[in-house]
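I opened this entry to log what I looked up, one item at a time.

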Amino acid sequence: MEAGSRAEALRGGNLPAWALGLIPLALIVVAIGGFALLGGPGLGERTGPPAEELVVERTVLRPGTIELTLRNDGPDPVEIAQVAVNDAYAPFAAEGGREVGRLGSTTLEIEYPWIEGEAYEIFVLTSAGGTIDAAIDVAAETPAADLDFYALMALLGIYVGVIPVSLGMLWLPFVRRIGERWIAALIAFTVGLLAFLGIDAALEGLEIAGEAPSAFGGAGLVFAGALVAYLLLAAVDAHLSARGEAARAAGGGHAAARGGLYLALLVSIGIGLHNLGEGLAIGSAYAAGALALGAFLVVGFAIHNTTEGLAIVAPLRDGERAARPGLGRLAGLGLIAGAPAVLGAWIGAAAFDPSLAALLFGVGVGAIARVIVQLAPAMRDGAGRTLYPLSVGGLISGVAVLYVTGLLISV
Amino acid sequence: MADLDDSKFRFRCVKISAVSDRRISRRKLLGAAATVPAAAGLHSLVTGGGLGSAPARAESNGNGHGNGAGNGHAGHDAFAHATFAPGRTVDHRANGFEPTELLRDFDYGKTRRLAGGRVLREWEIVAMDKEIEVAPGVKYEAWTYNGRVPGPTLRAREGEKLRVRFVNASEHPHTMHFHGIHPASMDGMPGIGERLGGGQIEPGESFAYEFDAEPFGLHLYHCHTAPLAAHIARGLYGAFVVDPKKGRPEADEMVMVMNGFDTNFDLGNEVYAVNTVGFHYVNDPIRVKRDELVRIYLVNALEFDPINSLHVHANFFQHYPTGTSLEPSEFTDTVVQGQGQRSILELKFPFDGDYMFHAHVSEFAELGWTGFFRVGDPSLLGSAAAAAAYCKLPWGGNGGIA
């Protein structure tokens with residue numbers, strides 16, 4: 001009897017469940033609030049001088065002016081006192097103030113007669129005498145973000161994204177003719193290709209995260225983006241396949257065909273997210289003047305991305321005439337895979353932010369991982385094996401083709 | 001704030017145009033951010049002339065150092081030379097010393113006659129830790145002699161007996177090591193003078209250095225506690241002038257201690273200067289009279305960089321290395337000094353105008369070691385109207401820079 005009532009008390013007596021959920025939360029708020037109000041009793045003063053950390057988020061060069069956007073990445077506020085360019089103090093104005101609070105940012109407009117093609121080292125001197133270094137490897141005027149500029153970025157995105165992917169999709173008739181075994185090999189090729197893109201995106205994301213303020217997560221953003229994208233796509237997938245089951249139960253004859261189209265759509269999304277990152281890299285490099293816009297670059301990207309088109313049509317092997325996607329749907333798939341390059345180029349060129357870029361690259365990685373998981377079953381041979389000589393050959397050639405064509409491009 | 005003081009022929013122009021901290025246009029910078037002498041009534045006179053008006057610029061070009069409309073950087077005409085950010089100046093009151101005053105501030109100590117008729121000259125020097133502003137907005141935890149950097153310019157006459165009572169009120173051990181001729185126990189050298197109470201002087205302790213003023217010339221003193229570079233770089237140095245028995249010709253004398261500050265402690269200086277505050281004599285040019293002999297006591301107290309130098313524009317000077325001879329060794333316009341080296345320079349300015357002087361190590365010059373001599377007829381500066389006209393120039397007072 002007694003034991004029973006004690007157990008009852010532990011379960012919270014007669015309080016409703018929501019109250020039991022809220023009480024600990026309220027206590028946590030009170031405890032943390034009290035701790036903060038009392039100024040952290042028992043912890044004493046901070047030891048040592050304030051930690052001053054500023055990260056350069058964006059550099060814009062205009063004639064006679066260098067513009068630096070700085071974000072406070074450290075635990076303490078930072079006051080900017082002076083700025084020197086190549087060991088010469090230069091006048092500047094701070095849009096957003098000279099005092100930068102935690103996670104706050106400010107833009108320094110520095111008057112300096114920089115010369116195109118030269119390298120510059122800048123140090124920002126804080127009120128405590130600390131220095132924050134920034135470097136401009138090759139000075140070039142930042143393109144103005146006007147209509148022409150966006151049009152150019154769109155053209156670039158179309159060149160490197162939409163056109164090559166669409167061209168690659170012209171392999172569809174070929175895919176429809178070849179036998180079952182070769183289709184599996186082709187899927188394996190697609191998986192290899194995606195794996196390469198995924199690794200590439202992860203490395204690029206991590207590299208960019210290195211430039212981002214660690215306060216926003218830095219490299220963690222790549223992983224978080226990947227995890228979230230993977231989980232979201234898995235949830236969407238579960239939802240759609242539940243509907244597909246229902247449709248099949250209702251006697252729909254083209255369920256399998258939808259499966260093929262569905263896989264193709266997933267591949268498109270994965271590749272599209274990757275191309276978003278690629279566009280981002282191109283756009284930001286162009287904005288920084290670090291990109292030689294030339295035929296070579298465009299041709300390189302085109303060859304590289306043509307293989308992505310093949311990857312999209314590989315799942316569309318189903319021969320049933322009724323299930324064949326129309327031209328409109330195919331164009332849609334191509335756009336989903338290619339058009340994000342345009343969007344990426346715009347974002348990259350106009351508002352490049354390393355934290356955002358790292359997150360977007362992470363999203364691309366997660367999406368690709370999900371698509372690979374989705375595609376893998378289609379690699380199986382008659383005996384149900386996933387890895388057998390032909391599929392392994394496909395995987396390796398997928399990686400190899402992207403590696404080799406990747407040599408043609410460098411951003 | 002600004003005073004119009006004919007006797008010292010020094011006045012200061014006060015900037016009134018609010019060069020906004022938020023955004024500064026090249027045009028504003030150019031110019032001529034209007035400045036006025038604080039003498040009441042001149043306000044309207046100056047502002048009436050228009051802010052940053054083109055004529056002001058033209059005048060300045062005529063004056064010898066224009067804003068570089070023709071400096072080869074088309075479109076970058078604001079950048080006449082390196083400078084600190086506008087809208088902010090060093091708080092000299094908080095520092096407790098002002099480089100312009102420091103320039104001609106010679107500390108002769110207290111004297112009395114000894115039994116044999118010889119002069120005993122005495123000083124008390126207190127080492128103390130003090131935060132100073134070395135560039136607008138940049139604070140530095142300095143170690144000082146008598147609360148200032150450089151320490152007081154101690155001046156004696158050849159052959160006198162000198163006694164320097166040194167009190168260490170700093171949190172760190174220090175010494176005073178004089179350049180001169182004296183016994184080892186008076187050398188301010190840790191590990192050597194201890195038996196007599198000298199050597200390293202711990203916090204709260206004191207010691208009286210006694211030695212004769214010899215040889216005549218320009219010397220220096222500094223702390224010799226290890227680690228040496230750190231103790232010197234923190235600000236523990238000063239000029240030590242020993243006049244020859246017969247003295248030197250009458251002149252407008254000034255002390256320039258070339259120094260620098262390693263504000264981030266990376267063994268390299270972020271701020272370079274003469275007498276501590278970077279670009280100070282750009283904001284407040286050194287006033288000298290035309291055709292009057294100017295004598296500069298130049299000491300190189302710079303740490304971390306092996307070489308420093310001084311170059312005067314549009315002029316040449318007689319160079320007396322270490323000041324130990326009354327005959328100049330060279331007639332030149334640039335003098336190079338290693339660490340601890342010093343020179344006496346003598347020159348006259350034959351023309352009115354503003355003349356830049358700076359380290360010919362361009363990096364130091366652009367990181368703060370730059371200033372101006374302003375050669376002008378005192379009567380010009382004495383007239384309110386002329387003062388107003390002066391202040392309208394981009395380089396008038398603080399105007400052109402601030």
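**Helix packing in chain A**

I began with the crossing of H3(A) and H9(A), which is right-handed. The model is predicted, so I read every value here as computed from it. H3(A) and helix H9 (residues 327-338) of chain A pack with their axes 8 Å apart, at an angle of about 140°. That angle makes H3(A) oblique to H9(A), because the roughly antiparallel class needs an angle over 145 degrees.

Next I listed who touches whom. H3(A) brings A:Gly161, A:Val162, A:Val165 and A:Ser166, and H9(A) brings A:Gly334, A:Leu335, A:Ala337 and A:Gly338.

The crossing of H3(A) past H10(A) is right-handed.

From H3(A), I wrote down A:Phe149, A:Tyr150, A:Met153, A:Ala154, A:Leu156, A:Gly157, A:Ile158, A:Val160 and A:Gly161. They meet A:Pro340, A:Ala341, A:Val342, A:Ala345, A:Trp346 and A:Ala349 of H10(A). The contact of H3(A) with H10(A) has 13 nonpolar residues, two polar and no charged ones.

**Chain A against chain B**

How many residues does each chain give to the contact? I found 26 residues from chain A and 29 residues from chain B. On the chain A side, strand E3 (78-85), strand E4 (92-95) and strand E6 (105-111) each supply at least two residues. E3(A) gives the largest share of that side, five residues. I sorted the chain A side that touches chain B into 15 nonpolar, six polar and five charged residues.

**A hairpin in chain A**

I looked up strand E1 (residues 54-62) and strand E2 (residues 65-72) of chain A. They run antiparallel and are joined by eight bridges. A:Leu54 has A:Asn72 in E2(A) as its bridge partner. The two strands form a hairpin with two residues between them. In that turn, A:Gly64 has a positive phi of about 80°.

Most residues other than glycine have a negative phi, and most peptide bonds are trans. I searched for exceptions.

Two cis bonds turned up in my chain B notes:
- The bond from B:Val149 to B:Pro150 is cis, with omega near -5°. B:Pro150 sits in the loop between strand E8 (138-145) and strand E9 (151-157) of chain B.
- B:Glu214 and B:Pro215 are joined by a cis peptide bond, with omega about -5°. B:Pro215 lies in the loop between strand E12 (206-212) and strand E13 (217-222) of chain B.

I also noted positive phi values outside glycine. A:Leu103 has a phi of about 70°. Its place is the loop between strand E5 (99-100) and E6 of chain A. Is A:Leu103 buried or exposed? A:Leu103 is exposed, because 12 other C-beta atoms lie within 10 Å and 12 or fewer counts as exposed.

B:Thr322 has a positive phi of about 60° and is not a glycine. I placed B:Thr322 in the loop between strand E20 (317-321) and strand E21 (330-332) of chain B. With 16 other C-beta atoms within 10 Å, B:Thr322 is partly exposed.

Terms used: Residues are numbered from 1 along each chain as its sequence is written. Chains are lettered from A and ligands numbered from 1 in the order in which they are written. This is a predicted model: local features need pLDDT of at least 70, side-chain atom pairs count only at pLDDT 80 or more; totals for chains, interfaces and linings use all residues. A crossing is left-handed if the near helix is turned anticlockwise from the far one by less than a right angle, and right-handed if clockwise. Helices (H or I, at least four residues) and strands (E, at least two) are DSSP runs, numbered from the N terminus. Two residues are in contact if their C-beta atoms, placed from the backbone, lie within 7 Å. Ala, Val, Leu, Ile, Met, Phe, Trp, Tyr, Cys and Pro count as nonpolar, Asp, Glu, Lys and Arg as charged, and the others, Gly among them, as polar. Two strands pair if DSSP finds at least two bridges between them. Axes are lines fitted to C-alpha atoms, for helices over the stretch in contact, and angles run from 0 to 180 degrees between N-to-C directions. Angles under 35 degrees count as roughly parallel, over 145 as roughly antiparallel, 65 to 115 as roughly perpendicular and the rest as oblique. A residue is buried if 20 or more other C-beta atoms lie within 10 Å of its own, exposed if 12 or fewer, and partly exposed in between; C-beta atoms are placed from the backbone.
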